[in-house]
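Morning, everyone. I'll take the ligand site, then the sheet. Please have the model open.

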Amino acid sequence: MFTRDEASRFVPRGDGDPQNDAFLAWELLYRLEPELYDRLASAERLHPAVVGWLPRDVDRIAEVGAGTGRLTMELIERGRRVVAVEPAQPLRRILRRKLAAAGHAARVPVIGGFFDELPLPGGFADLVVACSAFTPSSAHGGAAGLGEMERVCRPGGCVVIVWPNHLDWLAARGYRYVSFPGPMCVVFDSYHEAVELAEIFFPQAAGEVRRRGRRQVPFEVLGINPPRDLAFKVLAG
Ligand SMILES: C[S@@+](CC[C@H](N)C(=O)[O-])C[C@H]1O[C@@H](n2cnc3c(N)ncnc32)[C@H](O)[C@@H]1O
């Protein structure tokens, strides 16, 4: 299932049990059921102000852990060149398909890589960003991964962690925090899609999703922290 590089990060002792390790379960989902994962990620839309906050008209953008492109597709118009780094091959395939359908395959290379070993030169990008991908654990970034994001960012450029967790950890490393208010819903394709995905991913909320009878479900109902925030650092120029 995993390449050697993936296994060394996601199952370092080779004895992972996805029943007890949620991070490992997600990594397996990306590789075994990437289309199912994409249906969920597509419904969990970012707060528009998060995208609006990001720098625009920049030369180069690097996104790490791009997945199936929830943020990537929004970055296309913000940089002359966007590079998407994503370790999971099945997610890279879906992202390339979406980019091709939007006519941007040539302008947005999608490459393999990990936070802690980014295949990009130092000072490459004006904006280096990750969305719902970075954590303080070494498997999903950690100090080495944040160091790599900052290495790839040019002096005066901006490193942004969208939908961050562990705010104190980032604040201790000089990251400032922004959050945007307002009600937010997960927007499924249909009511039936809402019920089906709730039964798989949020079984504790499936009854409430069914009772509401709508394709829009408030994030709180599903027990998810809404994607309304970001942490950022402008590197010294
Ligand atoms: C929850 S998904 C988010 C994907 C996408 N950024 C989005 O917002 O839809 C987490 C992503 O982080 C990627 N990822 C996990 N570990 C990583 C690592 N060590 N380096 C880079 N990306 C990683 C996964 O493959 C997955 O695409």
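Ala, Val, Leu, Ile, Met, Phe, Trp, Tyr, Cys and Pro count as nonpolar; Asp, Glu, Lys and Arg count as charged; the others, Gly among them, count as polar. One caution: this is a predicted model.

Now the ligand. How do the residues of the shell around the ligand divide? There are 12 nonpolar, 5 polar and 4 charged. So by these classes Gly goes with the polar group, while Cys goes with the nonpolar one.

Which of the 21 residues come nearest to the ligand? Gly65, Glu86, Phe115, Cys131 and Ala139. A polar backbone atom of Gly65 is 2.7 Å from a nitrogen atom of the ligand. For Ala139, a backbone N or O atom lies 2.7 Å from a ligand nitrogen atom. Then there is a side chain. Arg70 places a polar side-chain atom 2.9 Å from an oxygen atom of the ligand.

How much of the ligand does the protein cover? On its own, the ligand has 590 Å² of accessible area, and the protein covers 96% of that. The ligand sits in the largest pocket. Two elements give two or more residues to the shell: α2, residues 22-32, and β1, residues 58-64.

β1 takes us to the sheet. The sheet is open, with 7 strands and mixed pairing. Read the order as β3-β2-β1-β4-β5-β9-β6. Which strands are at the edges? β3, residues 110-111, and β6, residues 176-179; each pairs on one side only.

Look at β9, residues 229-234. With β5, residues 153-162, β9 pairs in the antiparallel sense over 5 bridges. There, Val159 has Lys233 of β9 as its bridge partner. The pairing of β9 with β6 is also antiparallel, over 4 bridges. Here Val178 has Leu230 of β9 as its bridge partner.

That's my tour. Questions, please.

Notes:
Residues numbered from 1 in each chain as written. Predicted model: local features only at pLDDT ≥ 70, side-chain atom pairs only at ≥ 80, totals over all residues. Heavy atoms only, no water. Near = heavy atom within 4 Å. Polar contact = N/O pair within 3.5 Å; in protein donor to acceptor, adjacent residues only side chain to side chain. Areas by Shrake-Rupley, 256 points an atom, 1.4 Å probe, with all protein chains shown as cover. 1 Å grid on protein atoms, 1.4 Å probe; cavity = no way out; pocket = protein on both sides within 12 Å on 5 of 7 lines; lining within 4 Å. Sits in = over half its atoms within 2 Å of the grid points. Pairing = 2+ DSSP bridges.
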